[in-house]
Amino acid sequence: MTTLLAPDIQIRPLTGNIGAEISGVDTSQPLPDETAAHIRQALHDHKVVFLRRQTLDYTRQVAFAENLGTLTLGHPIYDAPEGRPHMREMDSRQGTRANHWHTDLTFIERPPAYALLHSKILPPVGGDTIWANTATAYTSLPDELRDLADRLRIVHSNDCDFTDDTYAHRAAQGDQDHYVSQPYEAEHPAVRVHPDTGERSLLLGGFARRVTGYGPQAGRDLIRILQEYVTKPEQTVRWQWQVGDLAIWDNQSTQHYAVYDYGTALRRGERVTVAGPVPVGVDGRPGTALRGDTSAYSTGAS
């Protein structure tokens, strides 16, 4: 059912559990506080929102994103384009494919709170992105498994399955070593409490490497079992991009997967991210950095 927030602003849910399309908002222009608040609320309600046909350059995308908070640098490992410190170019020519379920940058102490991806170039066919709701995934767990998840701590690393799956092109060019040359690891609760809504959600994804206190095989099995609840079709929404689309997702309660089904065609988007807090578990314990210093990234200090 479409929600009418103002004469020209509408929010249309896309599935029962996740995703909504917002119309009537021009993100290239300064936003009234009320409109910015509606967008933030829609993010919390629907986890990922989409706006079609947005005309954004770097300056305008940054200005719009700042309605959601302080921006990070473009990436904790890779340099940003010159003169655009907050941007991460998602360019298939550079091997940036992200075709593995993940929450962005969970291998650092403070993963981003929100991400905003603006579509610039698309392949003739394919190149969709799928998002999953990790909050409804949590509530769908059987009681006994939910109780166990509440107590688990998981180590996330930049040297992981995600790296192996999504940087094969970079590895062929000898560049994968750069991604893992500086190890980054953080231990986070398997279940985090959202700082704004209080919702509990599963904090897993492709950077999750091992479970604290469990052996390697048992840890992998636990991660796999929990992850299966996240990626059930009923927890997901699939977006078919058009050039100019802007996707905004709550990185604190989602995972996503960029479908790599477009061969050698070019796919390019521009992403900026909003700084997030340290994830906090059900027991009140925060996540902690184990290896690597990403404080400059999280504060947006270039």
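Which residue forms a salt bridge with Asp 91? In this predicted model, where local features need pLDDT of at least 70, side-chain atom pairs count only at pLDDT 80 or more, and totals for chains, interfaces and linings use all residues, the partner is Arg 93, and the closest N and O atoms of the two are 2.8 Å apart. Residues are numbered from 1 along each chain as its sequence is written, and side-chain values use heavy atoms, with hydrogens and water left out.

A salt bridge here is a side-chain nitrogen of Lys or Arg within 4 Å of a carboxyl oxygen of Asp or Glu, and by this rule the count comes to 20.

Another salt bridge links Asp 221 and Arg 224, whose closest N and O atoms are 3.8 Å apart. These two residues stand three apart in helix α8 (residues 216-230), and are therefore separated by about one helical turn; helices (H or I, at least four residues) and strands (E, at least two) are DSSP runs, numbered from the N terminus. Asp 221 is partly exposed, with a relative accessible area of 27%, and Arg 224 is partly exposed as well, at 42%. Elsewhere, salt bridges that share partners join Arg 84, Glu 89, Asp 91, Arg 93, Lys 120, Arg 268 and Glu 270 into one network.

Helix α2 (residues 58-65) has Tyr 58, Gln 61, Val 62, Phe 64 and Ala 65 as buried residues. Seen down the axis of α2, they fall within an arc of 165°, so they line one face of the helix, the arc being that of the directions from the helix axis to the C-beta atoms. These buried residues pack against α1 (33-46), β6 (114-121), β14 (246-250) and β16 (268-274), where contact means heavy atoms within 4.5 Å.

Two loops remain to be visited. Most residues other than glycine have a negative phi. Arg 53, in the loop between β4 (48-51) and α2, has a positive phi near 55° and is exposed at 64% relative accessible area. Leu 105, in the loop between β5 (88-91) and β6, has a positive phi of about 60°, but Leu 105 is buried at 4%.

Definitions and conventions
Buried means under 20% relative accessible area, exposed over 50%, partly exposed in between (1.4 Å probe, protein chains only).
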